[in-house]
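Me: I am new to structures and would like to learn how to read one. Please give me the general idea of each feature, then a case.

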Amino acid sequence: HMKVHPDDVTRVLNCARGHDLMLEIDRFYFSPRKVEESECVCYCLLMFDDLGMVQQWQLKKDTLTRFLLFVKKGYRDAPYHNWYHAFSVFHFSYLVIKNLHLVERGYISSLEALALMVSCLCHDLDHRGTTNSFQMQSGTELASLYSSEGSVMERHHLAQALCILNTDGCNIFDGLSSEQYSRCLDLIRDLILATDLAHHIRLVQDQEKMAAEGFDFHNSQHNQLLLFLLMTCCDLSDQTKDWKVSRTTADLVYQEFFSQGDLEKAMGNAPLEMMDREKARIPDLQIQFLSHIVCPVFKILAQLFPEADCLLQSTLKNRHCWEQASAFFARRWESGHSSLDILR
Ligand SMILES: COc1ccc(Cl)c(-c2nnc3c(C)nc4ccc(C(=O)NCC(C)C)cc4n23)c1
Ligand SMILES: [Mg+2]
Ligand SMILES: [Zn+2]
């Protein structure tokens with residue numbers, strides 16, 4: 001089973017002690033993928049501290065460090081769904097809490113902010129780089145455990161998160177009252193399960209209605225819809241960065257998709273076109289994904305928070321880049337070329 005060495009904890013605590021937050025780490029345009037892997041855990045500590053959470057929730061730094069190291073070890077080295085994805089999703093939760101002033105303005109409570117950040121860190125734990133439908137179709141052990149409830153992978157990510165919290169010396173919430181503790185675990189459960197895109201697609205019309213009507217601070221439904229929206233925004237946040245990050249992320253996602261497609265073909269199942277390396281047209285698929293999923297989500301966020309307009313603009317700019325790439329490839333596909341090399 002996963003182990004964390006005491007020297008690792010000491011090394012992170014020493015790193016955090018003398019460290020300031022990296023310049024501009026709290027800006028929306030900052031890409032967390034630039035942080036050295038060996039410094040990520042130290043920066044998680046600094047971000048929790050920067051938001052006053054260490055103080056407010058009496059988080060013990062050695063417990064938090066051990067928890068973070070277990071979470072980092074809990075991710076596999078899949079092309080996309082790895083520790084860096086978790087770290088960047090967590091970083092974006094820090095950005096929205098800090099830059100949209102979510103707690104001070106009363107949109108979410110400080111406990112919800114804590115649960116949001118911890119859920120982001122844990123939301124894809126032990127991901128194998130394959131989808132929920134792949135679990136069901138190939139009858140994996142995770143499907144046999146969770147397929148009756150749906151959201152197979154998300155239930156596994158949640159189980160892994162709870163397992164780490166129950167590991168000796170890793171319960172970061174042991175400074176919370178029993179009422180706060182159970183509320184926090186309920187939030188983490190709902191927030192991790194909300195990262196299933198199928199769950200998001202069921203809710204997005206309600207979220208659009210909420211943004212159109214205006215956020216109602218006395219409506220607990222609006223509070224919950226906002227928390228789920230924030231989880232999806234964090235999970236898709238690579239698409240709010242510059243073109244190089246957006247394109248590189250798409251590369252990694254399609255590495256996973258095409259590997260799954262290869263597996264499905266080997267098993268005699270026909271993969272979705274977006275998973276078939278022989279058929280997928282990445283620029284066109286990305287235009288669809290940005291148009292149908294990503295841009296609508298950041299449009300809702302920008303309607304609720306004017307400061308978030310820059311995020312919507314970035315996703316629209318990235319979609320435009322894919323449109324130009326698609327037009328370019330359409331000409332090349334006519335003349336028989338097919339590699340994406342020009343995008344390097
Ligand atoms: C928020 O939860 C997730 C879960 C899993 C993934 Cl891989 C992603 C994700 N993160 N970045 C990407 C990029 C750049 N392209 C993607 C293209 C298609 C899809 C996809 O799942 N299409 C199925 C359809 C029913 C929507 C997901 C993509 N994606 C997000
Ligand atoms: Mg996921
Ligand atoms: Zn994710």
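**Reading the model, feature by feature**

Reply: Start with Ser 151, which is placed in the loop between helix H8 (141-146) and H9. Helices are DSSP runs of H or I with at least four residues, and they are numbered from the N terminus. Residues are numbered from 1 along each chain as its sequence is written, while chains are lettered from A and ligands numbered from 1 in the order in which they are written. This is a predicted model in which local features need pLDDT of at least 70, side-chain atom pairs count only at pLDDT 80 or more, and totals for chains, interfaces and linings use all residues; side-chain values use heavy atoms, with hydrogens and water left out.

Me: Is Ser 151 buried or exposed?

Reply: The words have cut-offs: buried is under 20% relative accessible area, exposed is over 50%, and partly exposed is in between, using a 1.4 Å probe and protein chains only. Ser 151 has a relative accessible area of 16%, so it counts as buried. Its phi is near 45 degrees, a positive value in a residue other than glycine.

Me: Which other residue other than glycine has a positive phi?

Reply: Glu 24, with phi near 65 degrees, is such a case. It belongs to the loop between helix H1 (6-18) and helix H2 (40-50). Glu 24 counts as partly exposed because its relative accessibility is 40%.

Me: How many Å should H1 span?

Reply: The expected span of a helix is 1.5 Å times one less than its number of residues. H1 has 13 residues, so it should span 18 Å; its end C-alpha atoms are 19 Å apart, which agrees.

Me: Which residues of H1 are buried?

Reply: An α-helix has 3.6 residues a turn, so residues three or four places apart point the same way. In H1 the buried residues include Val 9, Val 12, Leu 13 and Ala 16. They cover an arc of only 100 degrees around the axis, so they lie on the same side of H1. The arc is taken from the directions from the helix axis to the C-beta atoms. Arg 11 and Gly 18 are exposed on the other side of H1.

Me: What do the buried residues of H1 pack against?

Reply: Packing rests on contact, which means heavy atoms within 4.5 Å. The buried residues of H1 pack against H2 and helix H4 (61-73).

Me: How many of the residues of H2 are buried?

Reply: Nine of the eleven are buried, so H2 is largely enclosed by the rest of the structure. Among them are Cys 40, Tyr 43, Leu 46 and Phe 48. These buried residues pack against H1, helix H3 (53-56), H4, helix H5 (83-99) and helix H6 (110-122). Just after H2, Gly 52 takes a positive phi of about 75 degrees.

Me: How many residues surround ligand 1?

Reply: A residue is near a molecule if one of its heavy atoms lies within 4 Å of it. For ligand 1 there are 13, and the closest are Leu 197, Asp 235, Gln 239, Gln 286 and Phe 289. An N or O atom in the side chain of Asp 235 is 3.4 Å from an oxygen atom of ligand 1. A polar side-chain atom of Gln 286 lies 3.1 Å from a nitrogen atom of ligand 1. On its own, ligand 1 has 630 Å² of accessible area, and the protein covers 77% of it. Such areas come from the Shrake-Rupley method with a 1.4 Å probe; for residues, only the protein chains shown count as cover.

Key. Helix = DSSP H or I, 4+ residues; strand = E, 2+ residues; numbered from the N terminus. Polar contact = N/O pair within 3.5 Å; in protein donor to acceptor, adjacent residues only side chain to side chain.
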